[in-house]
Each structure stands twice: as structure tokens, then as C-alpha cells.
Amino acid sequence: MSSDIAKSLTRVLGNSYVLYVKTHSYHWNVTGPNFHALHNLFEEQYRQIWASLDDIAERIRALDEYAPVSARVMAEAANIKESDNGVPSSQVMLKNLVADQTLWIKDAEEALEAASEEGDTGTEDLLAPLISAHEKMRWMLKSSLAD
């Protein structure tokens, strides 16, 4: 049913929003010897995540459901948890984002599977390239971790 798919897309949207905010705040607050590289990596990723928000929300609307209307509602729909107000080290930032990307991918794959079972090719076409993009983001973050 399209309402079940819209619910799973709402979780993906919430995850994307929380991940966007976290990545953007890390961009602002990263410090250390890899500052420049991580500052740029985080910016590249938060911009990419931001660009996907509209597409996900519009797909929810195309399924005749309403998209979340507040940051609070999106955060409540998300499995990815918001950061507290602490600023972690750059290595902890990377580890947090790797874990968040892994959760994002898991939830998006579940939504993709549900869409596939329902024959919802529009949602499949939306999610498949987003999953690939998040897998690449996760790889770049993992590759930036110190050994």
C-alpha cells in the first residue's frame, strides 16, 4: 500500500534531515590537523543530502500523503538521533557519521524493498540512486578515519 511506502519514506526523509543537520554542524565545528579536508568533505555531503530532501518529500506527496511539517516531526520519524550540544573530536564526528550513514542505508533499503514488493517503480527509481550516493558518502567518511 502506498501509505506504508509513504511511512517508510517519511523515515528516510527524517533520517536525511537529521543527518543533514548533524553533517552541517560538524562542518561548522570540525577542528584539528585534517580541518580543511573534513570541512570540505562535510560541506560536500551536507549539500548532497540537502538536495535530496525535496525529492523525498515530493515522492511522499505523490503517494497522496503529507510530508512532515516541522523539524520536530522529522526528527521523531527518524532512526538517526540528533546530536547533543557537545562538539566531538573530528574522529568521533567521522565515526558518528559512518554509523548514521549505515542506518540511513538500512532504512532506505527497507523502503526500497517495500516499494519493489508493491511494484512502486517511482519510489524504486528515487531510492536506488540515493542509496548508492549514501554508500559512497559512507565510504569517504570511513576512508577519512585514522587507522
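**Close-up views of helix packing around H4**

**View 1. Packing of H2 with H4.** H2 passes H4 in a left-handed crossing (the near helix is turned anticlockwise from the far one by less than a right angle). The model is predicted, with pLDDT of at least 70 needed for local features and 80 or more for side-chain atom pairs, while totals for chains, interfaces and linings use all residues. Residues are numbered from 1 along each chain as its sequence is written, and side-chain values use heavy atoms, without hydrogens and water. Helix H2 (residues 35-62) packs on H4 at about 25°, the axes being 12 Å apart, so the two are roughly parallel (angle under 35 degrees). Axes are lines fitted to C-alpha atoms over the stretch in contact, and angles between N-to-C directions run from 0 to 180 degrees. Helices are DSSP runs (H or I) of at least four residues, numbered from the N terminus.

**View 2. Packing of H4 with H5.** Helix H4 (residues 90-118) and helix H5 (residues 121-144) pack at about 160°, with axes 9 Å apart. H4 is therefore roughly antiparallel to H5 (angle over 145 degrees). This crossing of H4 and H5 is left-handed.

**View 3. Asp120 in the loop between H4 and H5.** Asp120 lies in the loop between H4 and H5. Asp120 counts as buried because its relative accessibility is 10% (buried: under 20% relative accessible area, 1.4 Å probe, protein chains only). Beyond its neighbours within four places in sequence, Asp120 is in contact with Ile5, Arg59, Leu63 and Ala115 (heavy atoms within 4.5 Å).

How values were computed. Angles under 35 degrees count as roughly parallel, over 145 as roughly antiparallel, 65 to 115 as roughly perpendicular and the rest as oblique. Buried means under 20% relative accessible area, exposed over 50%, partly exposed in between (1.4 Å probe, protein chains only).
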